[in-house]
Amino acid sequence: MESNYHTLKRTDNQLIMITHLAQLLTYITGFGGLIVPLIIWATQKENVDGMDAHGKSILNFQLSIIVYSIISIPLIFLFGLGILTLILIGILAFVMPIINAIKAGNGELPSYPLSLNFVS
């Protein structure tokens, strides 16, 4: 009799929470906020229930943050608008992973505002 063990996914809300919180590594090390969630998502999306959706949301959010930051740099010369935009991006990039980690702990789907859809 053949086993379907390899097709079963486990529920691991704590790993999904850690994946969301790993985005905050950017504030500690200067990098890693995209790399670590990418590695966790790529290695665990087949094994953990819900990891694929959460991982894609995280990657889309991190890539959107990078795009918005690059767009904000030339806006610095336009009445300092870019500085305000960079401050808002920094606050958003700090608060939203925490909010979505709490949602993941409760088994809810993530919602990152202003996130562009790069990975679908």
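Modeller: From the N terminus on, the elements of the protein run α-α-α-α-α. These are DSSP runs numbered from the N terminus, where a helix (H or I) needs at least four residues and a strand (E) at least two. This is a predicted model, so local features need pLDDT of at least 70 and side-chain atom pairs pLDDT 80 or more, while totals for chains, interfaces and linings use all residues. Residues are numbered from 1 along each chain as its sequence is written, and side-chain values use heavy atoms, leaving out hydrogens and water.

Biologist: How many helices and strands is that?

Modeller: Five helices and zero strands.

Biologist: And what does the C-alpha trace span along its principal axes?

Modeller: About 70 × 25 × 25 Å.

Biologist: What share of the residues counts as buried?

Modeller: Of the 120 residues, 30% do. Buried means under 20% relative accessible area, exposed means over 50%, and partly exposed is in between, using a 1.4 Å probe and protein chains only.

Biologist: OK, contacts. What share comes from residues 24 or more positions apart?

Modeller: They account for 67% of the contacts with a separation of 6 or more. Contact here means heavy atoms within 4.5 Å.

Biologist: Let's switch to aromatics. How many pairs are there?

Modeller: The structure holds two aromatic pairs. One is Tyr27 with Phe94, edge-to-face, at 5.3 Å centre to centre and 90 degrees between the planes. Rings of Phe, Tyr and Trp (its six-membered ring) pair if their centres lie within 6.5 Å; planes under 30 degrees apart count as stacked, over 60 as edge-to-face and the rest as tilted.

Biologist: Where do Tyr27 and Phe94 sit?

Modeller: Tyr27 is in helix α2 (residues 25–29) and Phe94 in helix α5 (residues 81–105), so the pair links distant parts of the chain, 67 residues apart. Tyr27 is partly exposed at 43% relative accessible area, and Phe94 is partly exposed too, at 39%.

Biologist: Why is the pair of Phe61 and Tyr112 called stacked?

Modeller: Because the ring centres of Phe61 and Tyr112 are 4.4 Å apart and the planes are at 25 degrees. That pair also links distant parts of the chain, with Phe61 in helix α4 and Tyr112 in the segment after α5, 51 residues apart.

Biologist: Are Phe61 and Tyr112 buried or exposed?

Modeller: Phe61 counts as buried at 1% relative accessibility, and Tyr112 counts as buried at 10%.

Biologist: What about Asn60, where is that?

Modeller: Asn60 is in helix α4 too, residues 51–75. At 7% relative accessibility, Asn60 counts as buried.

Biologist: Which side chain does the side chain of Asn60 make a polar contact with?

Modeller: That of Asn117, at 3.2 Å. A polar contact is a pair of N or O atoms within 3.5 Å; within protein, one must be able to donate a hydrogen and the other to accept it, and residues adjacent in sequence count only if both atoms are side-chain atoms. Not counting residues up to four places away in sequence, Asn60 touches Ser115, Leu116, Asn117, Phe118 and Val119.

Biologist: Last one: where does Val48 lie?

Modeller: In the loop between α3 (35–44) and α4. Val48 is buried, at 0% relative accessible area.
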